[in-house]
Amino acid sequence: MVGKKLLKRVTSPRQLTGEVAAPGDKSISHRAIILSSLALGRSRIANLSPGRDCLSTIRCLKKLGVGFASEVDETSVLLIQGVGNNGLVEAQDVLNAGNSATTMRLLAGVLATQPFLSILTGDGSLRSRPMKRLIEPLRLMGAEIHGRDDDSFAPLVIKGGRVHGMTYSLPVPSAQLKSAVLLAGLFAEGNTIVEQPQPCRDHTERLLRQMGAEVESANTHIFLAPLTAPLAAVDLCIPGDISSAACWLVGGAIHPNARIRITNCGINPTRTGIIDALVDMGAKLEVKNQRLDSNEAVADLCIESSQLRAIEIGGEMVPRLIDEIPLLAVAACVAKGNTVIRGAGELRIKESDRIAATVRELRRLGARVEELPDGMVIYGGKFLLGTEVRTHSDHRLAMTLAIAGLVAKGDTTIHNAQVAEISYPAFWTELERLARY
Ligand code: S3P
């Protein structure tokens, strides 16, 4: 559960301006915590995601015997004492992944290979998200893993042990499933090959390579050899999260008097669909100062008020902006023309049903949006009118509705606004800092 209930009121500011450093990337942070826990020796992880989801990963790994410490006076620097290939121990209690599917699915991959019993659970939202798609491939590798309701949902019970590598075609382009299979493959007998229907975020592959594992990727194909030596502990600086930065990219593009610079933002090509989509829509967006940090591309992003036009989104683009679609729908509300988003059925099984929730809340704000089974049609060029809206206990919805509030006439009142803490605890203070009244 996320902290005390918070109600936030957003009013369109006169100006939206300033510089903002996006928080550490949530996806990369989870992987850095898990892989450093399995490495031999001490890792130093700077700019870790401050969100609650990554705290869930840390909490679970502590119970499995991993040592964590914060650097003095530097709360975003985490020191991890990795335990090596055989150092995890059976937890004395159930492992609680909170709201975080990445925690649950990636840890399940690791725990399937460990010679002890683990029980993984989560909050109400996570316990209603599909786990058969995780259980099936791990079982094919020889793991003993069970879930509630005929293996459909968490809690998951895992009696870990020896597993073997396999060739596996992912049924959906899910980085969480891909990563679970690869993590199990690290400790398997024989090689693991994963085929993805479309490329999806590749942070696991990049980090594994950096830590000395034998991983090769070509297009949609990934080859992994089991570890012959423990992963090497490495010091990392996590790039800013483009999924959080996307709030400011969309806010800056749609507000009539805006100029925002986002520093140190990850621009891994498997994640930059939001940049491509906004540029296609006519956004004045510049990518500056490109560099490589911890084997990930990083840059500063500059956005200013833009006249947007509608686009069509589907196919290979979808996994590259899956978490940004609700925000993109807000951009589409003010764009000229009708935006069509298809092929995004996966959105229905995120922290909320993000198709239904986005359509419902944007309609409350006066938008004309049609719900499709796998996306939505947004009829652009409408003025939004502030009103009371709901987050559906979903962090991305909370931030999306705040960004809509930046251009709505009157007050937008957001209930349960504290859920933003899942990925971006500083979101509300950053919003206040950038907005001038
Ligand atoms: C994530 C993968 C995506 C994404 C989620 C984070 C990851 O989910 O939506 O927010 O860190 O691997 P899927 O793997 O279910 O597509």
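Me: A residue belongs to the lining of a pocket if one of its atoms lies within 4 Å of a point of that pocket. How many residues line the second largest pocket, and which lie nearest its centre?

Reply: In this predicted model, 18 residues line the second largest pocket, and I254, Q307, V334, K382 and F383 lie nearest its centre. The space in this pocket is about 440 Å³. Its lining is made up of 10 nonpolar, five polar and three charged residues.

Me: What makes up the lining of the largest pocket?

Reply: The largest pocket holds about 570 Å³ of space. Its lining has 37 residues, with S174, R201, I322, D323 and K350 nearest the centre. Two or more lining residues come from each of α1 (26-38), α3 (101-111), α6 (175-186), α10 (317-321) and α13 (395-405). The greatest contribution is that of α1, with four residues. By class, the lining has 15 charged, 12 polar and 10 nonpolar residues.

Me: Why is the largest pocket said to lie between domain 1 and domain 2?

Reply: Domain 1 (8-23 + 239-436) and domain 2 (26-237) both give residues to its lining, so the pocket lies between them.

Me: How many cavities of 30 Å³ or more does the structure have, and what lines the largest cavity?

Reply: The search of the whole structure finds two such cavities. Among the residues lining the largest cavity are I28, H203, R206, L207 and Q210. Helix α7 (residues 203-210) gives the largest share of that lining, four residues. Because domain 1 and domain 2 both contribute to the lining, the largest cavity lies between them.

Me: How do you know that C200 is in no disulfide?

Reply: A disulfide requires two cysteine sulfur atoms within 2.5 Å. A search of the whole structure finds zero disulfides. For C200, the nearest cysteine sulfur is that of C54, 18 Å away. C302 is in no disulfide either, as the nearest cysteine sulfur, that of C265, is 11 Å away.

Me: Why do C200 and C302 count as buried?

Reply: Buried means under 20% relative accessible area. C200 has 3% relative accessibility, and therefore counts as buried. C302 has 14%, so C302 counts as buried too.

Me: Why is the pair of W248 and Y424 called edge-to-face?

Reply: Rings pair if their centres lie within 6.5 Å, and planes over 60 degrees apart count as edge-to-face. The rings of W248 and Y424 are 6.3 Å apart, centre to centre, with 80° between the planes.

Me: What makes the pair of Y424 and F427 edge-to-face?

Reply: Their centres are 5.8 Å apart and their planes are at 65°, an angle over the 60 degrees required. Ring pairs join W248, Y424, F427 and W428 into a cluster.

Me: How do you know whether W248, Y424 and F427 are buried or exposed?

Reply: The relative accessibility is set against the 20% limit for buried residues. W248 has 0% and so counts as buried. Y424, with 2%, is buried as well, and F427, with 0%, is likewise buried.

Methods
Residues numbered from 1 in each chain as written. Predicted model: local features only at pLDDT ≥ 70, side-chain atom pairs only at ≥ 80, totals over all residues. Heavy atoms only, no water. 1 Å grid on protein atoms, 1.4 Å probe; cavity = no way out; pocket = protein on both sides within 12 Å on 5 of 7 lines; lining within 4 Å. Points joined across faces, edges and corners; volume = space filled by probe spheres on them. Nonpolar A, V, L, I, M, F, W, Y, C, P; charged D, E, K, R; others polar. Domains from an automatic or database assignment. Buried < 20%, exposed > 50% of the residue type's maximum accessible area, 1.4 Å probe, protein only. Phe/Tyr/Trp six-rings, centres within 6.5 Å; stacked < 30°, edge-to-face > 60°.
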